[in-house]
Amino acid sequence: MAKQNDRPTLATVAARAGVSIKTASRVLNGEKHVAASTAEKVEAAAEELGFRLNPTARRLRAGGRSPYIGVVLSDAGDAFQSRAFAAVEAELAILDLRPVVTVVGDDPNREEAFLDECLANDLTGLIVIRAHPEAAETYARAASAPGTRIVSLDPAVEGPGISIVAGDDREAGRLAAEQLLAHGHMALGVIGDHSPSLITTRRLQGIQDAIAGRRGVGWRAYMREDAHDEASAKNVVAAWLGSRSAPGALITLSATVTQGAIDACRRLGEWPALVGIDDFPTAELLDVTVVDRNVGSLAAEAVRRLRVGVEPSDAGEGGDRLGEGDGPIAGEANRRDRVDDGVPDFDNALCVIARGSGEEPPDTR
């Protein structure tokens, strides 16, 4: 009888059933041409011992790849990232793939350690939802390793071997600004995320596009680019609302920043017009106008791109290839697969969800 803390092996199952290890393996792997009485003995022994086959080991022995996919988030509390991860996990489950997740926060070293671990354990690929702004070179090095497949929803993570599935952040900024300009706002407070972030940079460019050629619109005097969590966003908005020359409207460049701004407004009892970029769970309840995208479509495209690199047989289905078989992703394939602002091959449309906060003119505040 095996000890309680001993993990049963195929050999112990075979010994209990009185058969060879090869026979036990054939039964437990569902192979045919085994006598029914023998199969019953092996199955009974496996059940008594609590033996379970390791599907990952079996897949690797058969020449397949690991069913695990590394997934990187910078902030699990960010609404966009949590929505994207839930959608990615659902898409992976359809393919019998499972995520191994890390949340890197403000520690690029942790991100590098996670990538090293993924490579060492032969994970099938990586999906980057958001990376630390200083980690781009780390992914470029990881992508150069043979057999590595990386798909990124973060446009800053780019290079040969990395396929980008990113939203049109410049257009998101333009739509947010135009929504407020259309309702007569001339003094716009803009609150961004990490200033080195390509996402923040592009969203600011979109705001500038919307304002170009319009006289009397002010926004640079009310711009903060590094309020990248709820607490700092709340402090920025509270300081603005407490001043004599407060902006008449706010544009928040991420869902986390939007939630911090809303908290400041609630505490002070002042409600300037506001448009946020990226939806969040309580936005409808709070009547917050947002610019949003189809997160499910982004996730589905990211997993599809990972899959066509993992399964060479998909090449005949009309999908873009990330690479050949188990080899590295070629640079030419990466350039074909890149989805950048303006040329999407999936549902990448942005929309303004008008709920009231972005439609109030200045004179009724």
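This is a tour of one structure, stop by stop, with what to select and what is there.

**Before selecting anything**

The model is predicted, so local features are given only at pLDDT of at least 70 and side-chain atom pairs only at pLDDT 80 or more, while totals for chains, interfaces and linings use all residues. Residues are numbered from 1 along each chain as its sequence is written, and side-chain values use heavy atoms, with hydrogens and water left out.

**Whole chain**

Select the protein chain. Its secondary structure comes to 13 helices and 11 strands; helices (H or I, at least four residues) and strands (E, at least two) are DSSP runs, numbered from the N terminus. Of the 365 residues, 47% are buried. Buried means under 20% relative accessible area, exposed means over 50%, and partly exposed lies in between, with a 1.4 Å probe and protein chains only. The chain exposes about 17,100 Å², and carbon and sulfur atoms supply 49% of that area; the areas come from the Shrake-Rupley method with a 1.4 Å probe, and for residues only the protein chains shown count as cover. Among contacts (heavy atoms within 4.5 Å) with a separation of 6 or more, 71% are between residues 24 or more positions apart.

Two strands count as paired if DSSP finds at least two bridges between them.

**Strand 8 and its partners**

Zoom in on strand 8 (residues 249–252). Strand 8 and strand 9 (residues 273–277) pair in the parallel sense over four bridges. Strand 6 also runs parallel to strand 8, joined to it by four bridges. Show the side chains of strand 8 next. Ala249 and Ile251 point one way, Leu250 and Thr252 point the other way, and all are buried.

**Helix 11**

Select residues 255–268. Helix 11 has 14 residues and spans 20 Å from its first C-alpha to its last, close to the 20 Å expected at 1.5 Å a residue; the expected span is 1.5 Å times one less than the number of residues. How many of its 14 residues are buried? The count is 11, and helix 11 is mostly covered. The buried residues include Ala255, Gln259, Asp263 and Cys265. Their cover includes helix 5 (79–94), strand 6, helix 10 (230–241), strand 8 and strand 9. Just after helix 11, select Gly269, which takes a positive phi of about 70 degrees.

**Two aspartates**

Most residues other than glycine have a negative phi. Select Asp96, in the loop between helix 5 and strand 2 (98–103). Asp96 is not a glycine, yet its phi is positive, about 60 degrees. Its relative accessible area is 45%, which makes Asp96 partly exposed. Then go to Asp287, in the loop between strand 9 and strand 10. Asp287 has a positive phi of about 60 degrees as well, and at 43% relative accessibility it counts as partly exposed.

Select helix 7 (residues 136–143), where Thr138, Tyr139, Ala142 and Ala143 are buried. These residues cover an arc of only 135 degrees around the axis, which puts them on the same side of helix 7; the arc is that of the directions from the helix axis to the C-beta atoms. The buried residues of helix 7 pack against strand 1 (68–73), helix 6 (108–120), strand 3 (125–128), strand 4 (150–152) and strand 5 (162–164).

Helix 2 (residues 21–28) has Ala24, Val27 and Leu28 buried. They cover an arc of only 90 degrees, so they lie on the same side of helix 2.

**Last stop**

Select Glu158, in the loop between strand 4 and strand 5. At 39% relative accessibility, Glu158 is partly exposed. Glu137 is 21 residues away in sequence, and the two C-alpha atoms are 8.9 Å apart.
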